[in-house]
Amino acid sequence: MSKTIIDKLWDRHIVVKEENKPDLLYIDLHLIHEVTSPQAFAGLREKNRTVRRPDLCFATMDHNIPTINRFNIKDETSRLQVQTLEKNCEEFGIQLEGLNSGQQGIVHVIGPELGLTLPGKTIVCGDSHTSTHGAFGALSFGIGTSEVEHVLATQTLWQNKPKQMNVKIDGELGFGVTAKDVILWFIAKFGTNVGTGYIIEFSGSTVRKFSMEERMTLCNMSIEAGAKASVVSPDDVTFSYISGKRYAPKDQEFLESCKRWRELRSDENATFDQTIEIDASEIEPMVTWGTTPSMCLPISGVIPAEDSSPSAEEKQSLKNALQYMGFNGNEKIEDIPVQHVFIGSCTNSRLSDLLQASKVVEGKKVHPEVRAIIVPGSQAVKKEAENLGLHQMFIDAGFEWRESGCSMCLGMNDDIVPEGERCASTSNRNFAGRQGKGARTHLVSPIMAAAAALEGKFTDVRSILPKKEQEVDRYAGV
Ligand SMILES: CC(C)[C@H](C(=O)O)[C@@H](O)C(=O)O
Ligand code: SF4
């Protein structure tokens, strides 16, 4: 029988299967960070249990660490969480990439860059954006703290198999249009619930042409479309990215792995519960204007006015969003001023993101009323960018160049946006209060964020640069 990649990944990890019950799945990789693990370890201790496979766990600290003066964690809860992670990893024998490590970074950035994230694996983490790792053809999803404890204790997890959706993206992307715009466009068009109850496979010629870093951006935000997880069938792009990565198989083992990984792709005539087809050429650079990622328009758009919504409930949520974001409706996206720019997060903080942004910024200056920060996703990304001289270019333009971490994505450290001010952010969530109390977040791609930094307002990045400069080097850095 024909199978999708999702069927193959699922079936190969079943440990226990009983009628009308969830399946017990084996977990190949458990990623851990400081925020969602303390209670899980405490639970183990209480029950006198131990970690079943510490060798399949991997920990980092990313959410609440400072990006300036990183060892000086002022907030007490944050400091305690970081110290607790250190203690837990030491006690249970788990590898930790701490603040001293050159391998530290956002958990969803370092898994792939270290070659821990591989096709065919089941990967979990107490973090919703674990969907990112699906870009490699892994079955990966976020879990809650009690599930973290279960996986620590047993290396398995009870799961009901979700439905399957094929999101087929074909056609050429226009200049200045990135993977971030594709996923924002998808969510704007189909809503934040379109993926509820589903695992999505992203397929089609556009996805095949994407670099691994672009595929990661796509899968990262599938969770904002409500999906349980998302996946891209692995191919040569995947294998060449993995080749040579620190913990990836080497030599003969790598070649044999590639053979097995290739077989994971969805069979030609495999069936999905739902299919959505997208024409990539329709997509423009996108900007969110509201408090969900679906409140999003092309740069040429105009914010809806209060009365344009059909149901009473939607009317109210539109009203609330307009109020929180400080709009009356009918404002042009291109007229919205920004005071802050954040280039970072597990969505867009990899080398190719920074390279693309640098092409917009080179030789120019950040607008005098804008504070712009660049937070590389990992120490490795930071180092690679510095080797290329990108940091100097950004600093010369007026950006701040920071240490790696989640940073202003969720404001669990000092990097917050003051009340009532606006931030063009390359992250994935624009909920009320996400970047600080009363902060107003607008999600965009790295090149759109860079353009906003220069202009002090949202600007069509395509109008800033001559055509040849707009050619974003898709494969740079992967
Ligand atoms: C802190 C963590 C639980 C959370 C998540 O699961 O996504 C965070 O990473 C986020 O992006 O909001
Ligand atoms: S960068 Fe943002 S979205 Fe990603 S894991 Fe950190 S807080 Fe969550």
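Predicted model: local features only at pLDDT ≥ 70, side-chain atom pairs only at ≥ 80, totals over all residues.

Trainee: Okay. Which domains does the chain have?

Mentor: The domain assignment gives domain 1 (5-275) and domain 2 (287-470). Their centres, taken over C-alpha atoms, are 25 Å apart.

Trainee: How many residues of each domain are in contact with the other?

Mentor: 36 residues of domain 1 are in contact with 36 residues of domain 2.

Trainee: And which elements give two or more residues to the domain 1 side?

Mentor: Those are α4 (107-113), α6 (179-190) and α8 (212-220). Helix α6 gives the most, with five residues.

Trainee: What classes of residue are on that side?

Mentor: The side of domain 1 that touches domain 2 has eleven nonpolar, 18 polar and seven charged residues.

Trainee: Switching to the ligands. How many residues surround ligand 2?

Mentor: 13 residues do. The closest are Ser345, Cys346, Cys406, Cys409 and Leu410. By class, that shell has five nonpolar, six polar and two charged residues.

Trainee: Where does ligand 2 lie relative to the domains?

Mentor: Domain 1 and domain 2 both give residues to its shell, so ligand 2 lies between them.

Trainee: What does UniProt place at those cysteines?

Mentor: An unreviewed UniProt entry places the feature "binding site" at Cys346, Cys406 and Cys409. These three span 64 residues in sequence, yet no two of their C-alpha atoms are more than 8.8 Å apart, so they gather at one spot.

Trainee: Let's take Cys346. Where is it found?

Mentor: Cys346 is in the loop between β15 (340-343) and α12 (351-361).

Trainee: Is Cys346 buried or exposed?

Mentor: Buried. Cys346 has 29 other C-beta atoms within 10 Å. The cut-off for buried is 20 or more, so Cys346 passes.

Trainee: What is Cys346 in contact with?

Mentor: Set aside neighbours within four places in sequence. Then Cys346 is in contact with Ile106, His108, Val109, His129, Thr132, Asn220 and Gly377.

Trainee: And Cys406, where is its place?

Mentor: Cys406 sits in the loop between β17 (400-401) and β18 (422-425). Cys406 is buried, with 31 other C-beta atoms within 10 Å. Not counting residues up to four places away, Cys406 touches Asp62, His63, Ile106, Ser345 and Met412. Look back at the contacts of Cys346, and you will find Ile106 there too.

Trainee: Now ligand 1. Which residues surround it?

Mentor: Ligand 1 is surrounded by Val35, Thr36, His63, Asp127, Ser128, His129, Gly142 and Leu410. By class, its shell has two nonpolar, five polar and one charged residues.

Trainee: What about the nonpolar core? Which residues touch the most other members?

Mentor: The largest nonpolar core has 140 residues. Val182, Val287, Val341, Ala449, Ala450, Ala452 and Ala453 touch the most other members.

Trainee: Pick Val182. What is it in contact with?

Mentor: Leaving out neighbours within four places in sequence, Val182 is in contact with Ile169, Leu218, Ala280 and Ile283.

Trainee: Different topic. Where does Ile5 lie?

Mentor: Ile5 lies in helix α1 (residues 5-11). With 27 C-beta neighbours inside 10 Å, Ile5 counts as buried. Beyond its neighbours within four places, the contacts of Ile5 are Gly137, Glu201, Val231, Ser233, Leu264, Arg265 and Ser266.

Trainee: How many Å separate the C-alpha atoms of Ile5 and Gln83?

Mentor: 39 Å, and these residues are 78 residues apart along the chain.

Trainee: Last topic, backbone angles. What is phi at Asp251?

Mentor: Asp251 has a positive phi of about 50°, although it is not a glycine. Asp251 lies in helix α10 (residues 251-262). Asp251 is exposed, with 7 other C-beta atoms within 10 Å.

Trainee: And what is phi at Asn330?

Mentor: Phi of Asn330 is near 75°, a positive value in a residue other than glycine. Asn330 lies in the loop between α11 (312-325) and β15. Asn330 has 11 other C-beta atoms within 10 Å. Exposed means 12 or fewer, so Asn330 counts as exposed.

Key. Residues numbered from 1 in each chain as written. Chains lettered and ligands numbered in written order. Near = placed C-beta within 6 Å. Nonpolar A, V, L, I, M, F, W, Y, C, P; charged D, E, K, R; others polar. Domains from an automatic or database assignment. UniProt positions renumbered as here; feature names shortened; annotations may be inferred. Helix = DSSP H or I, 4+ residues; strand = E, 2+ residues; numbered from the N terminus. Contact = placed C-beta atoms within 7 Å. Core = buried A, V, L, I, M, F, W, Y, C linked by C-beta atoms within 7 Å.
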